[in-house]
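Good morning, and thank you for joining.

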Amino acid sequence: MNPYILAILLFGLGLGTTITFASSHWLLAWMGLEMNTLAIIPLMAQHHHPRAVEATTKYFLTQAAAAATLLFASITNAWLTGQWEIQQITHPLPTTMITLALALKIGLAPLHAWLPEVLQGLDLTTGLILSTWQKLAPFALILQIQPSNSTTLIILGLASTLIGGWGGLNQTQLRKILAYSSIAHLGWMILGLQFSPSITLLTLLTYLIMTSSTFLVFKLNKSTNINTLATSWAKAPVLTALAPLILLSLGGLPPLTGFMPKWLILQELTKQGLAPTATLAALSALLSLYFYLRLSYAMTLTISPNSLLGTTPWRLPSTQLTYPLATSTALTICLLPLTPAISALLTP
C-alpha cells in the first residue's frame, strides 16, 4: 500500500478513537466510531483475496448494524429524556439498546459470531489492529454508561468467558483461537467493570500487551495454523522458547503477567458476594488454558517431520521490526511482581 494512503488511514483510525474518547455527546461519539470503521476497511481489504474481501464485507455489515442501533438508541434517549449527554443516560430502553450495540461492536457473546470469521480472513498485522485498537473506543463508551445496566453486563460477561473458552477448544487456525481468546478476555473485563473500573482498565492494558506479543510472534514465524508452529524451532529457537510463556500468560497462569488481572477480578467479585459468578469465571479460564497449552505443546514439544539433514533452514537476518515484540514480550512475562505497586496506584 502507498505509504501516504497508509498514513492517512492510520491517522483516521487514531482520530476516530480520539473523537469518541473526548466526546460527551452521543452524536459525536457515533461519528468517531464511524470514522474508525471507515478507516480500517481499506486496511482489511488491501490484500486482493476472496477471504479478505469476505471478511471486510462481514465486518462492514456488522459494524454498520451496530452503529445504526447506537444512533437509533441515542435518538430514542433524546426523545424520552430531552438530552444527549453520554453520562446522563437514565432510561432503561436506550441503555439496554446501546449496551447491546456496543457489545456487537467489540464482539461480546452472544453477539460474537462475526469476530472469528472476520479475523480468520485478515493478515496478522490488520488482525492485531482489529483485536487491540478497535476495542478502545466502544469500551470507553461502555465504561461511561456502565452504572445503569449492571445485570446485562454480568450476563454478557459470563456468556463471553464461557463461549470464549468453549469456542477455542476445537480450533486449529491461530487467528480463530485468538478471536475466541479476545471474546473470553473481554468477558473478564465486563465482569469486573461495575465493581472496579480501574481494575478493568488494568485488564484491558494487560490484554493489549499480551495479544500484541502473541500476534507479533506468529507474524515473525509466518504461522497461521497449529501445524506450522512445529517448524518454529528451526526458524527462531529463542523466540520459540519464550512463546509458551507468552501463551500461558494469556491463559492467566502464575507467575506470569496474565494472572494479575484475573486474580484481582476474582478477588473483587468475591468481595461483592458473587462467589458463584467468580467460580464460573474461574472454571471458564481453565477452558481457555487448555487451548493455550495445546498451542504451547505444538510449538515446543513437537518437531516437523524433516530428515536430520534438513532440519535447520537458512537463517537470514530478519527484516521485521523486533523492538515492539521484545518490549511486549518482556511485559507479558515479567509484570506480576509489580502487582502490589500497581494496586496501590489503582486505589483512590
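**Helix packing, spaces and backbone geometry**

Helix H14 (residues 259–271) and helix H15 (residues 275–300) pack with their axes 9 Å apart, at an angle of about 160 degrees. Before I go on, please note that this is a predicted model, in which local features need pLDDT of at least 70 and side-chain atom pairs count only at pLDDT 80 or more, while totals for chains, interfaces and linings use all residues. Residues are numbered from 1 along each chain as its sequence is written, and side-chain values use heavy atoms, with hydrogens and water left out.

Some conventions for the packing. Axes are lines fitted to C-alpha atoms, for helices over the stretch in contact, and angles run from 0 to 180 degrees between N-to-C directions. Helices (H or I, at least four residues) and strands (E, at least two) are DSSP runs, numbered from the N terminus. Angles under 35 degrees count as roughly parallel, over 145 as roughly antiparallel, 65 to 115 as roughly perpendicular, and the rest as oblique.

H14 and H15 are therefore roughly antiparallel to each other. On the H14 side, Lys262, Leu266, Leu269 and Thr270 make the contact (heavy atoms within 4.5 Å), and they meet Thr277, Ala278, Ala281, Ala282 and Ala285 in H15. By class, this contact of H14 with H15 divides into 6 nonpolar, 2 polar and 1 charged. Here Ala, Val, Leu, Ile, Met, Phe, Trp, Tyr, Cys and Pro count as nonpolar, Asp, Glu, Lys and Arg as charged, and the others, Gly among them, as polar.

Next, H2 and helix H6 (residues 124–131): their axes lie 10 Å apart, at an angle of about 160 degrees. That makes H2 roughly antiparallel to H6. The crossing of these two helices is left-handed, meaning that the near helix is turned anticlockwise from the far one by less than a right angle, whereas clockwise would be right-handed. Ile40, Leu43 and Met44 in H2 meet Thr126, Ile129 and Leu130 in H6. The contact of H2 with H6 has 5 nonpolar residues, 1 polar and no charged ones.

At what angle do the axes of helix H13 and helix H16 cross? The axes of H13 (residues 237–251) and H16 (residues 323–334) cross at roughly 50 degrees and come within 9 Å. H13 and H16 are therefore oblique to each other, and H13 passes H16 in a left-handed crossing. From H13, Leu239, Leu242, Leu245, Ile246 and Ser249 meet Leu325, Thr329, Thr332 and Ile333 in H16. The contact of H13 with H16 has 6 nonpolar, 3 polar and no charged residues.

On a 1 Å grid over the protein atoms alone, a cavity is a set of points where a 1.4 Å probe fits but cannot get out, and a pocket is an open set with protein on both sides within 12 Å along at least five of seven lines; lining residues have an atom within 4 Å of a point. Grid points are joined across faces, edges and corners, and a volume is the space filled by probe spheres set on the points.

By this rule there are 3 cavities of 30 Å³ or more. The largest cavity has a volume of about 100 Å³. Among the residues lining the largest cavity are Leu33, Tyr59, Lys105, Trp114 and Gln134. Helix H2 (26–44), helix H3 (50–81), helix H4 (92–106) and helix H7 (133–145) are the elements that give two or more residues to that lining. The lining of the largest cavity divides into 6 nonpolar, 4 polar and 2 charged residues.

The second largest pocket holds about 200 Å³ of space. Of the 12 residues that line this pocket, Ser196, Ile199, Glu268, Lys271 and Thr347 are the closest to its centre. H14 provides the largest share of the lining of the second largest pocket, 4 residues.

Finally, the backbone. A cis peptide bond joins Ala109 and Pro110, with omega about 5 degrees, and Pro110 sits in the loop between H4 and helix H5 (114–120). Another cis peptide bond joins Pro254 and Pro255, with omega about 5 degrees; Pro255 is in the loop between H13 and H14. Lys222 has a positive phi of about 55 degrees although it is not a glycine.
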